[in-house]
Amino acid sequence: MKRNLVLMLASSVMLMGFKCAAFDAEKAINELQTILTDNYAYLHDREQSAVKLFNTHQSRLRDSKTAKEFRDNAQAYLRAFTDPHLNLGPYDRDDFSVYPTGSDIFVQFEDRKLVVYDIKAGSDAHIKGLKPGMEISAIDGQSIEQAMSQVTGMTLNELTKKQRNYAANIALGGRRHQPRRLLIHSENGDKEFNLAASYSNINALKKAEPVTIEVYGQVGYIRFNNALGDTQTSDFFKKGLRKLVNTKGLIIDLRNTPSGGNTGVAEPILGHFTNKVATYQTYKTQSKGQLYGESVMQFAQVLPENPYIVQPFVVLAGRWTGSMGEGMVIGLDALGAQAVIGAPMADLLGGIKQVKLPYSDSWIEVGFERLYHTNGEYREDFIPQVLLKSADIDASGNDVAMQKAFAFFK
(Lines give C-alpha, C1' and ligand atoms only; values in the text may rest on other atoms or scores of the structure.)
Protein backbone atom coordinates (compact mmCIF):
# COMPACT_ATOMS: atom_id res chain seq x y z
CA MET A 1 0.00 0.00 0.00
CA LYS A 2 2.83 2.38 0.94
CA ARG A 3 4.59 1.67 -2.37
CA ASN A 4 1.41 2.35 -4.37
CA LEU A 5 0.97 5.66 -2.52
CA VAL A 6 4.48 6.74 -3.48
CA LEU A 7 3.82 5.88 -7.12
CA MET A 8 0.55 7.79 -7.07
CA LEU A 9 2.26 10.87 -5.62
CA ALA A 10 5.04 10.70 -8.21
CA SER A 11 2.49 10.45 -11.01
CA SER A 12 0.60 13.45 -9.61
CA VAL A 13 3.76 15.56 -9.52
CA MET A 14 4.51 14.69 -13.17
CA LEU A 15 0.94 15.52 -14.21
CA MET A 16 1.15 18.88 -12.42
CA GLY A 17 4.20 19.83 -14.49
CA PHE A 18 6.82 19.55 -11.79
CA LYS A 19 8.95 16.92 -13.45
CA CYS A 20 12.53 18.21 -13.63
CA ALA A 21 13.75 18.33 -17.21
CA ALA A 22 17.28 17.08 -17.80
CA PHE A 23 19.80 19.79 -18.68
CA ASP A 24 20.23 20.04 -22.46
CA ALA A 25 23.76 21.27 -23.19
CA GLU A 26 23.18 21.41 -26.94
CA LYS A 27 20.26 23.80 -26.58
CA ALA A 28 22.26 25.92 -24.14
CA ILE A 29 25.18 26.07 -26.61
CA ASN A 30 22.94 27.04 -29.53
CA GLU A 31 21.29 29.73 -27.43
CA LEU A 32 24.63 31.21 -26.34
CA GLN A 33 26.05 31.19 -29.86
CA THR A 34 22.91 32.77 -31.32
CA ILE A 35 23.02 35.59 -28.77
CA LEU A 36 26.69 36.24 -29.56
CA THR A 37 26.05 36.26 -33.32
CA ASP A 38 23.04 38.55 -33.11
CA ASN A 39 24.31 40.96 -30.45
CA TYR A 40 28.10 41.03 -30.03
CA ALA A 41 29.66 43.80 -32.10
CA TYR A 42 33.17 42.42 -31.50
CA LEU A 43 32.51 38.77 -32.37
CA HIS A 44 34.67 38.66 -35.48
CA ASP A 45 37.28 41.12 -34.30
CA ARG A 46 39.22 38.96 -31.88
CA GLU A 47 42.87 38.02 -32.02
CA GLN A 48 41.76 34.43 -32.59
CA SER A 49 38.67 33.84 -34.71
CA ALA A 50 35.39 33.28 -32.92
CA VAL A 51 35.12 29.90 -34.66
CA LYS A 52 38.51 28.81 -33.35
CA LEU A 53 37.66 29.92 -29.83
CA PHE A 54 34.42 27.95 -29.90
CA ASN A 55 36.10 24.85 -31.31
CA THR A 56 38.60 24.93 -28.45
CA HIS A 57 35.82 24.97 -25.84
CA GLN A 58 32.94 23.11 -27.46
CA SER A 59 33.72 19.65 -26.03
CA ARG A 60 33.67 20.98 -22.46
CA LEU A 61 30.47 22.91 -23.13
CA ARG A 62 28.79 19.82 -24.59
CA ASP A 63 29.93 17.64 -21.68
CA SER A 64 28.25 19.94 -19.15
CA LYS A 65 25.76 17.94 -17.08
CA THR A 66 24.11 20.84 -15.25
CA ALA A 67 23.39 24.51 -15.81
CA LYS A 68 25.98 25.37 -13.15
CA GLU A 69 28.66 23.31 -14.92
CA PHE A 70 27.72 24.90 -18.23
CA ARG A 71 28.03 28.40 -16.74
CA ASP A 72 31.52 27.61 -15.45
CA ASN A 73 32.61 26.31 -18.85
CA ALA A 74 30.93 29.18 -20.69
CA GLN A 75 32.69 31.72 -18.46
CA ALA A 76 36.05 30.20 -19.37
CA TYR A 77 35.08 30.25 -23.06
CA LEU A 78 34.08 33.92 -22.97
CA ARG A 79 37.26 34.95 -21.14
CA ALA A 80 39.20 33.76 -24.17
CA PHE A 81 37.74 36.77 -26.02
CA THR A 82 39.81 39.05 -23.72
CA ASP A 83 36.90 41.46 -23.30
CA PRO A 84 36.14 42.55 -19.70
CA HIS A 85 32.65 43.58 -20.82
CA LEU A 86 31.76 40.05 -21.98
CA ASN A 87 30.46 38.37 -18.82
CA LEU A 88 28.12 35.53 -17.99
CA GLY A 89 26.33 34.94 -14.68
CA PRO A 90 24.88 34.55 -12.14
CA TYR A 91 28.10 34.30 -10.15
CA ASP A 92 28.85 32.17 -7.14
CA ARG A 93 31.54 32.33 -4.48
CA ASP A 94 33.97 30.20 -6.49
CA ASP A 95 33.78 32.34 -9.63
CA PHE A 96 36.60 34.75 -10.42
CA SER A 97 36.19 38.42 -9.56
CA VAL A 98 34.98 40.58 -12.42
CA TYR A 99 37.88 42.43 -14.04
CA PRO A 100 38.85 45.26 -13.66
CA THR A 101 36.54 46.01 -10.68
CA GLY A 102 37.97 43.03 -8.84
CA SER A 103 41.57 43.94 -9.56
CA ASP A 104 44.30 45.85 -7.75
CA ILE A 105 47.43 44.58 -9.52
CA PHE A 106 48.22 44.93 -13.21
CA VAL A 107 50.76 42.52 -14.70
CA GLN A 108 52.25 41.61 -18.06
CA PHE A 109 54.46 38.76 -19.18
CA GLU A 110 58.06 39.57 -20.00
CA ASP A 111 59.31 36.40 -21.67
CA ARG A 112 57.99 33.80 -19.19
CA LYS A 113 58.14 36.07 -16.13
CA LEU A 114 54.94 37.61 -14.78
CA VAL A 115 55.93 41.18 -13.89
CA VAL A 116 53.93 43.79 -11.97
CA TYR A 117 53.43 46.95 -14.02
CA ASP A 118 51.08 48.90 -11.76
CA ILE A 119 49.43 48.78 -8.32
CA LYS A 120 46.07 50.34 -7.58
CA ALA A 121 46.54 53.26 -5.21
CA GLY A 122 45.02 52.67 -1.77
CA SER A 123 44.40 48.96 -2.35
CA ASP A 124 45.53 46.21 0.00
CA ALA A 125 48.22 45.28 -2.52
CA HIS A 126 49.53 48.85 -2.25
CA ILE A 127 49.30 48.91 1.54
CA LYS A 128 51.05 45.53 1.90
CA GLY A 129 54.00 46.73 -0.19
CA LEU A 130 53.66 45.22 -3.64
CA LYS A 131 55.44 47.35 -6.22
CA PRO A 132 55.90 47.58 -9.99
CA GLY A 133 58.85 45.50 -11.14
CA MET A 134 58.15 42.59 -8.80
CA GLU A 135 57.85 39.09 -10.29
CA ILE A 136 54.87 36.95 -9.28
CA SER A 137 55.61 33.21 -9.28
CA ALA A 138 52.49 31.69 -7.68
CA ILE A 139 48.85 32.58 -7.02
CA ASP A 140 46.95 30.92 -4.17
CA GLY A 141 49.47 28.09 -4.05
CA GLN A 142 49.26 27.38 -7.76
CA SER A 143 51.80 27.97 -10.47
CA ILE A 144 51.04 30.77 -12.92
CA GLU A 145 50.31 28.19 -15.62
CA GLN A 146 47.81 26.36 -13.39
CA ALA A 147 46.08 29.58 -12.39
CA MET A 148 45.73 30.72 -16.01
CA SER A 149 44.35 27.34 -17.04
CA GLN A 150 41.63 27.64 -14.40
CA VAL A 151 40.69 31.07 -15.77
CA THR A 152 40.51 30.08 -19.44
CA GLY A 153 40.12 26.29 -19.54
CA MET A 154 43.10 26.28 -21.93
CA THR A 155 46.75 25.31 -21.64
CA LEU A 156 49.53 27.87 -21.75
CA ASN A 157 50.51 26.77 -25.26
CA GLU A 158 46.94 27.31 -26.52
CA LEU A 159 46.87 30.92 -25.34
CA THR A 160 48.04 33.90 -27.36
CA LYS A 161 50.20 36.55 -25.68
CA LYS A 162 47.17 38.78 -25.21
CA GLN A 163 45.14 35.93 -23.69
CA ARG A 164 47.99 35.06 -21.31
CA ASN A 165 48.22 38.61 -20.01
CA TYR A 166 44.45 38.87 -19.65
CA ALA A 167 44.14 35.52 -17.86
CA ALA A 168 46.96 36.38 -15.48
CA ASN A 169 45.28 39.63 -14.46
CA ILE A 170 41.98 37.86 -13.80
CA ALA A 171 43.75 35.16 -11.77
CA LEU A 172 45.35 37.85 -9.60
CA GLY A 173 41.92 39.27 -8.78
CA GLY A 174 41.14 35.96 -7.12
CA ARG A 175 37.82 34.33 -6.36
CA ARG A 176 34.87 36.53 -5.49
CA HIS A 177 35.24 38.11 -2.04
CA GLN A 178 37.97 35.65 -1.01
CA PRO A 179 41.46 36.56 0.28
CA ARG A 180 44.50 35.86 -1.90
CA ARG A 181 48.04 34.56 -1.48
CA LEU A 182 50.80 35.67 -3.84
CA LEU A 183 54.37 34.46 -3.98
CA ILE A 184 56.87 37.09 -5.10
CA HIS A 185 60.19 35.89 -6.50
CA SER A 186 63.42 37.84 -6.15
CA GLU A 187 67.16 37.26 -6.04
CA ASN A 188 67.00 37.60 -2.26
CA GLY A 189 64.46 34.79 -1.93
CA ASP A 190 60.72 34.33 -2.27
CA LYS A 191 58.21 36.24 -0.15
CA GLU A 192 54.53 35.50 0.39
CA PHE A 193 51.92 38.28 0.47
CA ASN A 194 48.50 37.68 2.01
CA LEU A 195 46.00 40.08 0.49
CA ALA A 196 42.39 40.95 1.22
CA ALA A 197 39.73 40.16 -1.34
CA SER A 198 40.21 42.45 -4.33
CA TYR A 199 36.69 43.91 -3.99
CA SER A 200 37.48 45.32 -0.53
CA ASN A 201 38.97 48.54 -1.91
CA ILE A 202 35.99 49.19 -4.19
CA ASN A 203 33.46 48.32 -1.49
CA ALA A 204 35.08 50.85 0.85
CA LEU A 205 34.32 53.60 -1.67
CA LYS A 206 30.59 53.08 -1.17
CA LYS A 207 30.93 55.04 2.06
CA ALA A 208 32.84 57.88 0.40
CA GLU A 209 31.55 60.82 -1.61
CA PRO A 210 31.38 60.09 -5.34
CA VAL A 211 33.69 62.97 -6.26
CA THR A 212 36.73 64.40 -4.48
CA ILE A 213 37.46 68.05 -5.22
CA GLU A 214 40.55 69.79 -3.85
CA VAL A 215 42.63 72.89 -4.62
CA TYR A 216 46.43 72.71 -4.60
CA GLY A 217 47.79 76.21 -4.94
CA GLN A 218 46.14 77.45 -8.12
CA VAL A 219 45.39 74.01 -9.53
CA GLY A 220 42.02 72.32 -9.04
CA TYR A 221 41.87 68.55 -8.65
CA ILE A 222 38.74 66.47 -9.40
CA ARG A 223 38.79 62.70 -8.76
CA PHE A 224 35.87 60.37 -9.53
CA ASN A 225 35.62 57.60 -6.94
CA ASN A 226 34.17 54.77 -9.05
CA ALA A 227 30.86 56.59 -9.12
CA LEU A 228 29.97 57.09 -12.78
CA GLY A 229 26.85 54.98 -12.24
CA ASP A 230 25.76 56.95 -9.16
CA THR A 231 23.02 59.46 -9.95
CA GLN A 232 24.38 61.80 -7.25
CA THR A 233 27.74 62.17 -8.99
CA SER A 234 26.68 64.87 -11.47
CA ASP A 235 25.25 67.03 -8.66
CA PHE A 236 28.35 66.57 -6.48
CA PHE A 237 30.51 67.57 -9.41
CA LYS A 238 28.46 70.67 -10.22
CA LYS A 239 28.37 71.88 -6.61
CA GLY A 240 32.09 71.25 -6.22
CA LEU A 241 32.93 73.53 -9.14
CA ARG A 242 32.33 76.50 -6.82
CA LYS A 243 35.62 75.67 -5.08
CA LEU A 244 37.51 75.90 -8.37
CA VAL A 245 36.48 79.36 -9.59
CA ASN A 246 39.86 80.98 -8.93
CA THR A 247 42.05 78.15 -10.18
CA LYS A 248 44.20 78.53 -13.28
CA GLY A 249 43.99 74.87 -14.35
CA LEU A 250 42.24 71.59 -13.58
CA ILE A 251 43.29 67.96 -13.22
CA ILE A 252 40.46 65.51 -13.99
CA ASP A 253 41.34 62.13 -12.42
CA LEU A 254 39.52 59.12 -13.91
CA ARG A 255 41.98 56.47 -12.74
CA ASN A 256 39.54 54.95 -10.26
CA THR A 257 36.53 54.16 -12.45
CA PRO A 258 36.88 50.37 -13.03
CA SER A 259 33.16 49.67 -12.70
CA GLY A 260 32.19 52.04 -15.48
CA GLY A 261 28.81 53.75 -15.25
CA ASN A 262 26.28 55.21 -17.65
CA THR A 263 25.83 58.14 -20.01
CA GLY A 264 23.06 59.62 -17.84
CA VAL A 265 25.72 60.43 -15.24
CA ALA A 266 28.64 61.21 -17.53
CA GLU A 267 27.00 63.47 -20.11
CA PRO A 268 25.88 66.23 -17.70
CA ILE A 269 29.46 66.33 -16.37
CA LEU A 270 30.94 66.53 -19.85
CA GLY A 271 28.49 69.33 -20.64
CA HIS A 272 30.47 71.69 -18.37
CA PHE A 273 33.43 71.44 -20.75
CA THR A 274 31.64 72.89 -23.79
CA ASN A 275 29.66 76.04 -24.55
CA LYS A 276 27.75 74.47 -27.44
CA VAL A 277 26.23 71.13 -28.42
CA ALA A 278 29.22 68.87 -28.97
CA THR A 279 29.96 65.30 -30.02
CA TYR A 280 32.12 63.45 -27.49
CA GLN A 281 32.14 59.95 -29.06
CA THR A 282 30.59 58.05 -31.96
CA TYR A 283 29.27 54.50 -32.22
CA LYS A 284 27.81 51.76 -34.38
CA THR A 285 25.30 49.20 -33.16
CA GLN A 286 25.05 45.46 -33.74
CA SER A 287 21.48 44.20 -34.03
CA LYS A 288 19.76 41.03 -35.18
CA GLY A 289 19.88 40.86 -38.96
CA GLN A 290 22.38 43.72 -39.28
CA LEU A 291 26.07 43.46 -38.44
CA TYR A 292 27.60 46.45 -36.69
CA GLY A 293 29.87 47.12 -39.70
CA GLU A 294 26.80 47.64 -41.89
CA SER A 295 25.09 50.04 -39.50
CA VAL A 296 25.19 53.82 -39.69
CA MET A 297 27.64 55.76 -37.54
CA GLN A 298 25.79 57.58 -34.76
CA PHE A 299 26.90 60.54 -32.66
CA ALA A 300 26.83 60.78 -28.87
CA GLN A 301 26.45 64.44 -27.95
CA VAL A 302 26.36 66.62 -24.85
CA LEU A 303 24.47 69.80 -24.18
CA PRO A 304 26.27 72.77 -22.58
CA GLU A 305 25.91 72.99 -18.79
CA ASN A 306 26.45 75.94 -16.47
CA PRO A 307 28.95 76.84 -15.26
CA TYR A 308 31.12 76.50 -18.35
CA ILE A 309 34.66 75.46 -17.40
CA VAL A 310 37.07 77.94 -18.96
CA GLN A 311 40.30 76.76 -17.31
CA PRO A 312 42.70 74.56 -19.26
CA PHE A 313 42.57 70.96 -18.04
CA VAL A 314 44.41 67.66 -18.24
CA VAL A 315 43.01 64.17 -17.73
CA LEU A 316 44.49 61.23 -15.81
CA ALA A 317 43.71 57.68 -16.98
CA GLY A 318 45.07 54.22 -16.35
CA ARG A 319 44.56 50.49 -15.97
CA TRP A 320 41.49 51.02 -13.73
CA THR A 321 39.76 53.47 -16.08
CA GLY A 322 36.93 51.32 -17.40
CA SER A 323 33.88 51.55 -19.64
CA MET A 324 32.17 54.92 -19.03
CA GLY A 325 35.44 56.12 -17.52
CA GLU A 326 37.04 55.36 -20.88
CA GLY A 327 34.18 57.13 -22.61
CA MET A 328 34.75 60.23 -20.49
CA VAL A 329 38.49 60.18 -21.21
CA ILE A 330 38.05 60.13 -24.98
CA GLY A 331 35.18 62.60 -24.60
CA LEU A 332 37.29 65.07 -22.62
CA ASP A 333 40.07 64.60 -25.14
CA ALA A 334 37.63 65.53 -27.91
CA LEU A 335 36.35 68.50 -25.88
CA GLY A 336 39.76 70.11 -25.59
CA ALA A 337 41.93 68.52 -22.91
CA GLN A 338 45.52 69.78 -22.94
CA ALA A 339 46.63 66.16 -22.63
CA VAL A 340 45.64 62.74 -21.34
CA ILE A 341 48.29 61.41 -18.95
CA GLY A 342 48.67 57.83 -17.80
CA ALA A 343 48.67 54.22 -18.96
CA PRO A 344 46.50 52.39 -21.51
CA MET A 345 42.97 51.97 -20.17
CA ALA A 346 41.05 48.81 -19.22
CA ASP A 347 39.61 48.11 -22.70
CA LEU A 348 36.02 47.31 -21.78
CA LEU A 349 34.61 46.87 -25.25
CA GLY A 350 31.42 48.60 -26.34
CA GLY A 351 28.21 49.77 -24.76
CA ILE A 352 26.62 46.68 -23.20
CA LYS A 353 23.25 45.11 -22.66
CA GLN A 354 22.19 42.08 -20.67
CA VAL A 355 20.39 39.19 -22.38
CA LYS A 356 18.78 36.22 -20.62
CA LEU A 357 19.79 32.63 -21.46
CA PRO A 358 16.84 30.48 -20.29
CA TYR A 359 18.30 27.11 -21.29
CA SER A 360 21.22 27.55 -18.91
CA ASP A 361 19.35 29.71 -16.37
CA SER A 362 21.93 32.42 -17.02
CA TRP A 363 22.43 35.90 -18.41
CA ILE A 364 25.13 37.38 -20.58
CA GLU A 365 26.43 40.95 -20.77
CA VAL A 366 27.46 41.68 -24.32
CA GLY A 367 28.91 44.72 -26.08
CA PHE A 368 26.39 45.52 -28.79
CA GLU A 369 27.81 48.99 -29.60
CA ARG A 370 31.19 49.60 -31.14
CA LEU A 371 32.57 52.86 -29.71
CA TYR A 372 34.88 55.39 -31.36
CA HIS A 373 36.80 58.56 -30.53
CA THR A 374 35.52 61.51 -32.56
CA ASN A 375 38.70 61.26 -34.64
CA GLY A 376 37.54 57.83 -35.89
CA GLU A 377 39.85 55.78 -33.65
CA TYR A 378 38.37 52.80 -31.81
CA ARG A 379 37.93 53.64 -28.13
CA GLU A 380 39.91 50.57 -27.08
CA ASP A 381 42.89 51.71 -29.17
CA PHE A 382 43.20 55.11 -27.48
CA ILE A 383 46.59 55.73 -25.85
CA PRO A 384 47.34 58.70 -23.53
CA GLN A 385 49.52 61.35 -25.14
CA VAL A 386 51.76 61.30 -22.05
CA LEU A 387 52.23 57.54 -21.74
CA LEU A 388 53.36 55.94 -18.49
CA LYS A 389 54.07 52.33 -17.59
CA SER A 390 52.75 52.85 -14.05
CA ALA A 391 49.83 55.28 -13.94
CA ASP A 392 48.91 54.80 -10.26
CA ILE A 393 52.04 53.97 -8.25
CA ASP A 394 55.59 53.53 -9.57
CA ALA A 395 58.34 51.33 -8.10
CA SER A 396 59.37 54.11 -5.69
CA GLY A 397 55.82 54.66 -4.48
CA ASN A 398 55.37 57.91 -6.41
CA ASP A 399 52.28 59.11 -8.25
CA VAL A 400 54.11 60.08 -11.43
CA ALA A 401 50.89 60.87 -13.31
CA MET A 402 50.01 63.58 -10.80
CA GLN A 403 53.53 64.99 -11.01
CA LYS A 404 53.24 65.19 -14.79
CA ALA A 405 49.82 66.81 -14.50
CA PHE A 406 51.02 69.58 -12.15
CA ALA A 407 53.92 70.27 -14.51
CA PHE A 408 51.41 71.45 -17.15
CA PHE A 409 50.40 74.39 -14.96
CA LYS A 410 53.81 75.69 -13.81
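User: What is the strand order of the open sheet of six strands?

Analyst: This is a predicted model, in which local features need pLDDT of at least 70 and side-chain atom pairs count only at pLDDT 80 or more, while totals for chains, interfaces and linings use all residues. Residues are numbered from 1 along each chain as its sequence is written, and side-chain values use heavy atoms, without hydrogens and water. Strands (E, at least two residues) and helices (H or I, at least four) are DSSP runs numbered from the N terminus, and two strands pair if DSSP finds at least two bridges between them. The pairing in this open sheet is mixed, and its order is 8-9-10-13-14-17.

User: Why is one side of strand 8 and of strand 17 left without a neighbour in the sheet?

Analyst: Strand 8 (211-216) and strand 17 (386-387) each have a single partner strand, so one side of each has no neighbour in the sheet. The reason is their position: both stand at the edges.

User: In which sense do strand 13 and strand 14 pair?

Analyst: Strands of a sheet pair through backbone hydrogen bonds, either parallel or antiparallel. Here Leu 316 stands opposite Ile 341 in strand 14. Four bridges join strand 13 (residues 313-317) to strand 14 (residues 339-342), and the sense is parallel.

User: Which residues are the closest to the centre of the largest pocket?

Analyst: A pocket is found on a 1 Å grid over the protein atoms alone, as an open set of points where a 1.4 Å probe fits, with protein on both sides within 12 Å along at least five of seven lines; lining residues have an atom within 4 Å of a point. Of its 21 lining residues, the closest to the centre are Gln 108, Lys 162, Tyr 166, Ala 346 and Asp 347.

User: Which element gives the largest share of the lining of the largest pocket?

Analyst: Strand 2 (105-110) and helix 7 (161-173) each supply at least two residues of this lining. The largest share is five residues, and it comes from helix 7.

User: How compact is the protein chain?

Analyst: The chain has twelve helices and 17 strands. Its radius of gyration, taken over C-alpha atoms, is 24 Å.

Technical notes: The radius of gyration is taken over C-alpha atoms; the globule rule is 2.2 Å times the number of residues to the power 0.38.
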